[in-house]
Amino acid sequence: IVAGLLGMSTKLAECTLGVMFRKYEDGVVSGGPMYYLEKGLALRNWPRLGRGLGIFYAASMVIGCLGIGNMFQSNQAYVQVLSISGGENSFFADKGWLFGLLLASAVAAVIIGGIRSIGNVASKIVPFMAILYIFSAVIIIAMSAEHLIGAIGLIVSNAFESQSMTGGAIGAMIIGFQRAVFSNEAGIGSASIAHAAVKTDEPVTEGLVSLLEPFIDSMLICTLTGLVIVTTAYPNGLMDGELEGIALTSAAFAHHIGWSPYVMSIAALLFAFSTSIAWAYYGLKAWTYLFGEGEITQLIFKAIFCGFICLGCMIQLSAVLDFSDAMVFLIAVPNIIGLYLYGPEVKRDLKAYLAKYG
């Protein structure tokens with residue numbers, strides 16, 4: 001929750017900057033940290049530093065999009081489908097590559113159409129999957145209502161008890177912030193790449209719109225997921241085994257409603273699909289920043305991206321998470337530097353906009 005709240009401010013800044021410093025070339029709009037790092041620092045007479053940070057961010061994004069927005073998503077979708085189709089006895093048990101290939105084919109069919117195709121698909125999928133998941137989570141929490149007060153008390157007390165404060169507080173905060181960044185992308189600048197394509201002459205408006213994203217992702221959906229686990233999985237011993245990630249959440253749902261994992265599978269597939277097509281666009285824009293807008297170069301990236309979707313279904317979750325967390329940190333470094341340098345400008349423009357329309 002704290003990470004989501006702080007993330008709202010960084011999201012506002014980076015999405016405002018994404019629109020402010022976007023680039024138009026041959027009718028194509030491009031934006032994101034690589035552009036506002038390069039252009040912004042050039043205006044400060046540091047063109048080489050700006051270009052260097054832009055290249056570093058773009059290269060990190062190309063690698064990072066293969067983890068956080070690709071392998072992790074396909075891995076979790078595969079795990080959930082596997083759990084509802086018989087586990088080790090499932091048809092897909094030893095055919096992760098096949099499931100990955102099917103998902104990659106669906107992603108390829110969308111991303112080949114570009115940002116308009118991605119936007120059209122995402123605008124239909126995202127509201128449906130969010131409402132489906134929130135509604136389902138609220139029902140499960142209501143069915144464990146007798147544990148709700150205790151769960152909230154457990155979360156708060158364990159966060160602030162002396163043992164946590166002196167021992168694992170830093171580690172817990174790091175994990176919490178990692179998962180929050182995973183869900184809302186605040187601070188790593190990726191979302192500003194998509195926001196830069198918006199039709200507006202007021203960059204601040206896009207920053208204000210983006211405030212909703214960390215709130216919904218981290219402060220609402222992640223909190224509901226945490227409450228599902230602590231009200232249902234924890235008191236019923238579901239956390240004593242080796243369940244992790246979406247498998248643990250699915251087990252908590254199934255404790256009350258036996259067929260609920262099927263609903264979770266739909267949500268997982270939609271989450272994986274919509275996130276993958278969004279990150280394909282992020283990675284593509286970073287790729288074209290490095291190698292140009294040529295059709296062949298774009299097809300090479302799309303082929304690589306879809307190949308990693310298959311790979312995500314064939315390796316362990318822990319390996320995917322370690323890789324993704326490392327890439328998120330790498331991406332965040334140059335972006336945070338840019339946000340710090342441009343903070344006064346964003347504040348000035350925000351103040352002027354609110355004075356004009358507030």
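This is a predicted model: local features need pLDDT of at least 70, side-chain atom pairs count only at pLDDT 80 or more; totals for chains, interfaces and linings use all residues.
Ser74, Ala77, Tyr78 and Val81 in H4 meet Gly96, Phe99 and Leu103 in H5, where contact means heavy atoms within 4.5 Å. Residues are numbered from 1 along each chain as its sequence is written, and side-chain values use heavy atoms, with hydrogens and water left out. Helices here are DSSP runs (H or I, at least four residues), numbered from the N terminus.

**H4 and H5**

- By class, the contact of H4 with H5 has five nonpolar, two polar and no charged residues; Ala, Val, Leu, Ile, Met, Phe, Trp, Tyr, Cys and Pro count as nonpolar, Asp, Glu, Lys and Arg as charged, and the others, Gly among them, as polar.
- The axes of helix H4 (residues 67-84) and helix H5 (residues 96-111) cross at roughly 120° and come within 10 Å; axes are lines fitted to C-alpha atoms, for helices over the stretch in contact, and angles run from 0 to 180 degrees between N-to-C directions.
- H4 and H5 are therefore oblique to each other, since angles under 35 degrees count as roughly parallel, over 145 as roughly antiparallel, 65 to 115 as roughly perpendicular and the rest as oblique.

- Helix H10 (residues 203-210) packs with H11 at an angle of about 15°, their axes being 4 Å apart.
- That angle makes H10 roughly parallel to H11.
- On the H10 side, Leu208, Val209 and Ser210 meet Leu212, Glu213 and Pro214 in H11, a set with four nonpolar, one polar and one charged residues.
- Helix H11 (residues 212-233) also packs with helix H12 (residues 246-256), at an angle of about 55° and with axes 9 Å apart.
- H11 is therefore oblique to H12.
- The crossing of H11 and H12 is left-handed.
- Residues making this contact include Thr225, Val228 and Ile229 of H11 and Leu248, Ala252 and Phe253 of H12.

**The cavity**

- The structure holds one cavity of 30 Å³ or more; on a 1 Å grid over the protein atoms alone, a cavity is a set of points where a 1.4 Å probe fits but cannot get out, and lining residues have an atom within 4 Å of a point.
- About 40 Å³ of space lies in the largest cavity, a volume being the space filled by probe spheres set on the grid points, which are joined across faces, edges and corners.
- Its lining is formed by Ile111, Ile118, Ala280, Tyr281, Leu284, Phe301 and Lys302.

Note on methods: Helices (H or I, at least four residues) and strands (E, at least two) are DSSP runs, numbered from the N terminus. A crossing is left-handed if the near helix is turned anticlockwise from the far one by less than a right angle, and right-handed if clockwise. On a 1 Å grid over the protein atoms alone, a cavity is a set of points where a 1.4 Å probe fits but cannot get out, and a pocket is an open set with protein on both sides within 12 Å along at least five of seven lines; lining residues have an atom within 4 Å of a point.
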